[in-house]
Amino acid sequence: MSSWCVLLDGSDVPGREEIGGKAWSLAQMRRLGLPGPPAFVLPTRVCREYHAAGGELSEPVEEALRDGMAHLEAETGRRFGGAERPLLVSVRSGAPISMPGMMDTVLNLGFDERVEQALAAEAGSAEYAADTHRRFVAGFAAVVLKADLDDESLPAQELRRQVAAQLGRSVPEDPWEQLREAVCAVLGSWHSRRARAYRRHSGIPDDLGTAVTVQAMVFGNMGHDSGTGVLFTRNPLTGDPQPYGEYLPGGQGEDVVSGAHDPLPLARLAERHPAVHDELLAAARVLETAHGDVQDIEFTVERGRLHLLQTREAKRSPQAAVRLAVDLADEGLITRAEAVARVTAEQVRGLLQPRLDAADREGGTVLATGEPASPGVGVGIALADADEVVRRAADGEPVVFVARTTSPEDVHAMIAATAVCTETGGSTSHAAVVCRGLGRPAVVGCGPGTVERLTGRDVTIDGGIGTVFDGRLPLRRIDPGGDQCLRKLQAWAAEQAGIEVVADTDEEVLDLDELGVVEAGEVAAAVAGAGSGGVPVRGSVVETADGVAAAIRAGVRRIVAAQPLPVLLAAAAHRRAESGSAGGAGLRRSA
């Protein structure tokens, strides 16, 4: 294939920066011999050139699409737009750095009336074919055409008529036109408001671009022996070593990750399809060992056959981040240096945030209960309007974001809020995954009417137990010394930091707060004014990443901080950056 199209058959695996994390994981899974539908990818350079050209696909990219689709047809024995054994595809984004749910996806692409009839005859189910056609029209209309549909459950042709009445045009009948427009929508979503907000918060550069992965569809909605789900190789909330996930019989992937449906525990897959469950867990072990990290795996079961659609490093709560790093190092899957690199100072600060006392929990008035989706406690006034959440949070008011379910359009509110609560969705929904990545407490699946009951009230969200309390309950600090994993991580970080950090000292200390030093750029002059970099230093500025780096460059050898571990982690991160070491390992072995 050309440089504009990479086949994800495992024969060649370019880097994530070239083909994005999603495509990279598909190629690696194929190389490891794991089951998954065939796919190809338009690399990230396509995104950069698309936007530089004002939103136009070049002729080489058009040709790459044709070549890629020919490959899928050959692999599947199906024909795109064919009246017999038709090929349907998904069109997905995939940046080099994971941005879950931030960009666009179109599923079931390639439909017209002839394709629906062919699928119905092939599957022996007109209901399945009609449902899949409806899903495509609703998804394409919302994602690509930006239509506002009142009822997405209507038949495909009725949805097409509604879109035409609303927009003056409808979903194209020509599959190739559908494909081109979907690719453009995915590329365009790189610069959507939600994606830009997520990148700003996460420190992801704007010039990376997203790749576009096109993959043959498999169908979890094909019947009673089909479904879809998400598996984490370990618990991303607590760090517990047991596999953790959800399964939705008769559904497609977006049904689970969107939070629009309440899936079942993964144990239900074991009950319905024990052989598939065993195969899934075996694949999960291969992937975790190969990657040296906890994996978030999307899968579909089609008529009793397992298909892996994606794997990526799992977003995790601060509590889980610490335990997983320590456990993986203790098990020999990663080094201690890698364990230190896996945990950020911000995650530890989040873990050390005040918590509810047991007595306050027992005495509190419970307003709602749901799935504990992201640990931690957040207090504030509950608001359902995303823009209002952002405005009031910017004024310094603690705000809890409540919603029926969250979507990528709500990310700016999720960043601004102290916590998130939803009516629907499970622990692998959009709200749950994004909140864990942001370190925001979250309770999901609290049931219909929750938003109406909570809006305008002061509430306390406990994402560790899945409970919403009335009022702003008092919070109490925790003792980091009582956590074995924190103690281990602190000892390992001290080995990597290249600087000593202590909670207290009897020595004379240079107190930067008393000197009014609040900017990292002022640290070196203050240290020089003290006459020696050997004087211990304390102050809020040297508990920030930039301040720690400035202190080290100024020759400071000891920092005094009430919580040493976040400062040690920041120092270790600075040392890695200076040496050019990422502290990670990528894929560790083939199997």
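First, the ground rules. Residues are numbered from 1 along each chain as its sequence is written, and side-chain values use heavy atoms, with hydrogens and water left out. Because the model is predicted, local features need pLDDT of at least 70 and side-chain atom pairs count only at pLDDT 80 or more, while totals for chains, interfaces and linings use all residues.

Let me start with the helices. Helices (H or I, at least four residues) and strands (E, at least two) are DSSP runs, numbered from the N terminus. Axes are lines fitted to C-alpha atoms, for helices over the stretch in contact, and angles run from 0 to 180 degrees between N-to-C directions.

Take α5, residues 126-143, and α7, residues 175-188: their axes come within 10 Å and cross at roughly 45°. That angle makes α5 oblique to α7; angles under 35 degrees count as roughly parallel, over 145 as roughly antiparallel, 65 to 115 as roughly perpendicular, and the rest as oblique. The crossing is left-handed, meaning that the near helix is turned anticlockwise from the far one by less than a right angle; clockwise would be right-handed. Which residues of α5 and α7 meet? From α5 they are F136, F140 and V143, and from α7 they are Q178, E181, A182 and A185. By class, this contact of α5 with α7 has 5 nonpolar, 1 polar and 1 charged residues. Contact here means heavy atoms within 4.5 Å. As for the classes, Ala, Val, Leu, Ile, Met, Phe, Trp, Tyr, Cys and Pro count as nonpolar, Asp, Glu, Lys and Arg as charged, and the others, Gly among them, as polar.

Helix α7 also meets α3. Those two axes come within 12 Å and cross at roughly 120°. So α3 is oblique to α7, and the crossing of α3 and α7 is right-handed. On the α3 side, E62, L65, R66 and M69 take part, facing W176, L179, R180 and V183 of α7. The contact of α3 with α7 divides into 5 nonpolar, no polar and 3 charged residues.

On a 1 Å grid over the protein atoms alone, a cavity is a set of points where a 1.4 Å probe fits but cannot get out, and a pocket is an open set with protein on both sides within 12 Å along at least five of seven lines; lining residues have an atom within 4 Å of a point. Grid points are joined across faces, edges and corners, and a volume is the space filled by probe spheres set on the points.

The second largest pocket holds about 470 Å³. Its lining has 23 residues, with R78, M217, V218, E302 and H307 nearest the centre. Helix α4 gives the most to that lining, with 3 residues. By class, the lining of this pocket has 14 nonpolar, 3 polar and 6 charged residues.

How many cavities of 30 Å³ or more are there? The count is 3. The largest cavity has about 100 Å³ of space. It is lined by 13 residues, and R92, M217, V218, T300 and L309 are the closest to its centre. Its lining divides into 6 nonpolar, 6 polar and 1 charged.

The second largest cavity has a volume of about 80 Å³. Helix α1, residues 16-31, gives the most to its lining, with 3 residues. That lining has 9 nonpolar, 1 polar and 1 charged residues.
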